[in-house]
Amino acid sequence: MNKPIRRVAVLGAGVMGAGIAAHIANAGIPVLLLDIVPPGTKEGASKRERDAFASGALGKLLKSRPAAFFHPAHAPLVQVGNLEDDLEKAAECDLIIEAIIERLDIKRALFTRLEPLLGDSILASNTSGLRIVDMLEGRSAAFKQNFLVMHFFNPPRYMKLLELVAAKETSSSTIARVEHFGTEKLGKGIVWAKDEPNFVANRIGAHSMMATMHLMLDKGLTPEDVDAITGVPMGHPKSATFRTADMVGLDTLGHVVKNCHEVLVKDEDREVFAMPSFLAGMLDKKLLGGKTKQGFYRKAKDGSIETIDYKTLEYRAKGGDAAIKSACKNLSKIEDVKERMRKTVATEGAVGEFAWKVLSRSLAYSARRIGEICDDIAAVDKGMRWGYNWDLGPFETWDALGFAATYDRMVKEGIALPASVKKMRESGAESFYKGNEVYSLLQGKYVAAPSDPREATLTVLRRGEAPVLKNAGAEAWDMGDGVLGLTFRSKMNSIDADVIQSLHDAVSRAEESFSSLLITNQGEHFCVGANLMLVVMAAGQKQWEQLRSMVKNYQGATQRLKYSSVPVIAAPYGMTLGGGLELCFACDGVQAAAETYSGLVEVGVGLIPGGAGNMNMLWRALENIPDGTDIDVSAFVAQTFKNIAMAKVATSANEGKEFGYFRKSDGVSFDRARHVWEAKARCIGMANAGYHAPVPRSYKLPGDSGIATIGMLINSMVAGGYASEHDALISGKLAEVLCGGKGGGSHKVTEAEMLELEAEAFVSLCGEKKSQERMQHMLMQNKPIRN
């Protein structure tokens with residue numbers, strides 16, 4: 001049993017320390033955030049003045065974009081203070097994370113002050129490259145037992161990687177407690193690294209980035225050319241090389257590569273880490289990327305994007321080689337990342353040549369580091385996927401390109417490879433990964449790949465050789481333990497007629513042969529809403545009855561989910577918009593990924609929700625009012641109106657709870673890898689807990705008085721220039737639905753009446769010319785409906 005970590009202190013309220021504190025608060029854990037007393041603070045200054053650095057950092061967290069907190073409601077969990085007055089409070093915490101400046105002397109001085117206070121508290125350093133053996137010099141045996149490195153990646157909320165490094169003296173209890181805290185509480189992916197400079201991900205990532213920069217200079221390419229090649233075509237983020245550097249911060253990148261070049265005196269590729277003169281010049285001019293709004297790219301006064309000319313360090317209009325841009329655009333369209341990377345390397349000319357040189361050098365360097373920075377290739381691959389957002393790690397990339405062919409080509413070109421890889425090639429091995437095994441370069445054989453059964457993919461959880469149900473839009477599989485799993489197959493998991501039919505069919509089959517139904521999808525987003533093309537076509541042809549039938553069919557499907565005799569659970573993630581959120585409203589429970597972006601956004605295309613979303617969002621707000629309570633529901637109606645009329649999107653699952661999109665009792669999965677397993681567990685638990693379908697409810701809504709009140713708000717928005725006349729029309733229709741219809745005072749409204757009001761308003765708006773123009777514009781943009 002591991003003693004739980006109930007309270008954490010973070011020492012250092014810079015960008016990284018503050019971000020760590022925010023994410024720990026996201027997990028519901030109280031945090032003490034300390035920083036130095038501002039220099040020049042007068043003697044006798046107030047505590048507030050002495051805490052100014054830490055309190056200022058908290059204020060920045062609340063304003064940061066992307067948001068550091070899941071919702072501002074988590075911010076009160078962060079208590080601020082300073083390192084002079086409050087260090088003893090830090091020592092009362094179970095875990096102390098040091099995130100101060102990367103200077104060994106300053107860290108040692110802080111540890112000297114902390115040591116007599118610590119007791120059995122764990123102390124972890126968030127250093128990105130200093131060695132433990134150097135930080136622990138002169139420390140006691142007890143101090144060393146409770147010390148290790150916890151290296152988070154920025155921004156901590158969004159980056160999954162957490163590198164852990166233990167000292168030789170670190171106790172097994174400390175290791176177990178911190179690993180459990182990282183995985184179970186923070187949802188991090190753990191990579192255990194050795195006590196070597198810059199650990200795993202930054203060692204490999206910085207090498208790849210610097211090799212790319214040097215090669216750019218050798219080949220005379222531009223930053224735009226390089227970013228076109230090293231982004232999506234190579235299985236890397238769209239930000240590629242130079243936009244990534246701007247996001248990370250050139251000062252941070254400079255620190256990492258400078259550290260590598262200074263201390264890696266025995267590294268055969270040491271000179272790769274030598275800082276190019278243009279990068280040093282940019283640092284001197286404080287062109288640091290996003291934090292100074294000027295880096296390799298910047299936004300000009302007219303809104304256009306400019307690029308640095310690395311020869312002159314002056315900005316110019318963004319350009320690049322047209323042929324490279326065209327080739328990379330076509331390569332980026334290949335959905336299968338392995339096939340895309342193979343074709344990228346095989347492309348004739350500058351694209352293929354540059355991609356091969358960067359990849360081959362990175363693959364070889366990664367292989368040569370096994371045994372030095374970590375012992376297994378899976379750790380390197382995970383580090384690069386979780387810390388740098390690569391689609392495939394180096395050894396997964398090697399497999400995708402073909403292990404033998406890639407090895408032979410590298411040998412032919414004189415690229416240095418370790419003897420362990422030569423031994424692997426001679427053994428006849430065809431890949432680094434084989435089923436549930438991974439090749440160990442240190443042992444010279446395949447070994448069992450470490451796995452967590454909770455990280456089983458949807459494919460692994462499925463039982464049988466064929467789906468239980470299938471049509472063009474979705475398929476349902478037996479997932480074991482009495483759970484039927486429904487998955488959409490439409491583009492971007494959008495809702496169309498086949499998906500709607502599959503919802504009806506899946507509920508029927510679940511009621512007959514299973515104990516619960518789980519709706520979970522694959523792909524980047526859970527569901528981006530309805531297939532807008534079908535609505536546009538029907539509206540353009542004035543097929544009003546067809547539109548009405550479409551609305552009624554989806555309303556019927558969501559009602560079928562809502563009143564199923566078996567529990568229905570949705571597992572949303574990513575974009576869960578429009579009809580995707582309406583689907584979640586209809587389910588008995590939700591297990592949402594932490595990074596779920598949800599909202600009813602139909603007003604953006606001139607419509608209102610048409611799948612019972614208006615009713616179910618309002619009913620969700622009213623459901624906990626005890627029966628018989630005489631309460632004016634106007635405030636609930638008004639807030640629901642605002643959420644829909646303003647297309648308010650929650651930027652996390654927790655924020656979705658605060659907005660009323662999910663219930664407070666719904667689950668949140670911090671680690672996407674465990675999302676499906678946790679959603680299935682929720683299905684099983686609900687089915688085994690004596691589930692009974694809910695009873696339909698009706699609520700007393702304000703009628704004409706509510707419509708009039710909301711109408712005044714709408715009119716003021718139009719008068720102030722914040723809304724158009726067409727916006728007013730849409731909002732008026734929405735108000736009529738949420739208030740229970742025109743023609744009377746406050747009265748009880750049934751679900752059937754609400755659904756009829758919704759359908760009538762939806763179809764009438766489809767007939768509006770401006771709504772049709774909005775829908776067509778959205779389709780021309782080729783993007784989902786979203787805020």
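The following dialogue explains how to read several features of a predicted model.

Biologist: Which conventions apply to the numbering and to the confidence of the model?

Modeller: Residues are numbered from 1 along each chain as its sequence is written, and side-chain values use heavy atoms, with hydrogens and water left out. Because this is a predicted model, local features need pLDDT of at least 70 and side-chain atom pairs count only at pLDDT 80 or more, whereas totals for chains, interfaces and linings use all residues.

Biologist: How many helices and strands does the protein chain have?

Modeller: Helices (H or I, at least four residues) and strands (E, at least two) are DSSP runs, numbered from the N terminus. Here the protein chain has 33 helices and 25 strands.

Biologist: What radius of gyration does the protein chain have, and what would a compact globule have?

Modeller: The radius of gyration is taken over C-alpha atoms, and the globule rule is 2.2 Å times the number of residues to the power 0.38. For 787 residues the rule gives a value near 28 Å, and the 29 Å of the protein chain agrees with it. Along the principal axes, the C-alpha atoms fill a box of roughly 80 × 70 × 60 Å.

Biologist: What percentage of the residues in the protein chain is buried?

Modeller: Buried means under 20% relative accessible area, exposed over 50%, and partly exposed in between (1.4 Å probe, protein chains only). By that criterion, 54% of the 787 residues are buried. As for contacts (heavy atoms within 4.5 Å), consider those with a separation of 6 or more: residues 24 or more positions apart account for 70% of them.

Biologist: Which residues of helix α19 are buried?

Modeller: Helix α19 spans residues 403–412, and its buried residues are Phe-403, Thr-406, Tyr-407 and Met-410. Viewed down the axis, these fall within an arc of 100°, so they line one face of the helix; the arc is that of the directions from the helix axis to the C-beta atoms. The buried residues pack against α16 (350–369), α18 (394–401) and α20 (419–426). Ala-405 and Lys-412 are exposed residues on the face turned away from the buried side. Just after α19, Gly-414 takes a positive phi of about 80°.

Biologist: Which strand does β10 join, and how do the two run?

Modeller: Two strands pair if DSSP finds at least two bridges between them. Strand β10 (residues 305–309) is joined to β11 (residues 314–317) by four bridges, and the two run antiparallel. Asp-309 stands opposite Glu-314 in β11. The hairpin has four residues between the strands, and Leu-313 takes a positive phi near 60° there.

Biologist: How many disulfides does a search of the whole structure find?

Modeller: A disulfide is a pair of cysteine sulfur atoms within 2.5 Å. The search finds zero. For Cys-584, the nearest cysteine sulfur is that of Cys-587, 6.1 Å away. For Cys-766, the nearest is that of Cys-527, 18 Å away. Cys-584 counts as buried at 1% relative accessibility, and Cys-766 counts as buried at 0%.
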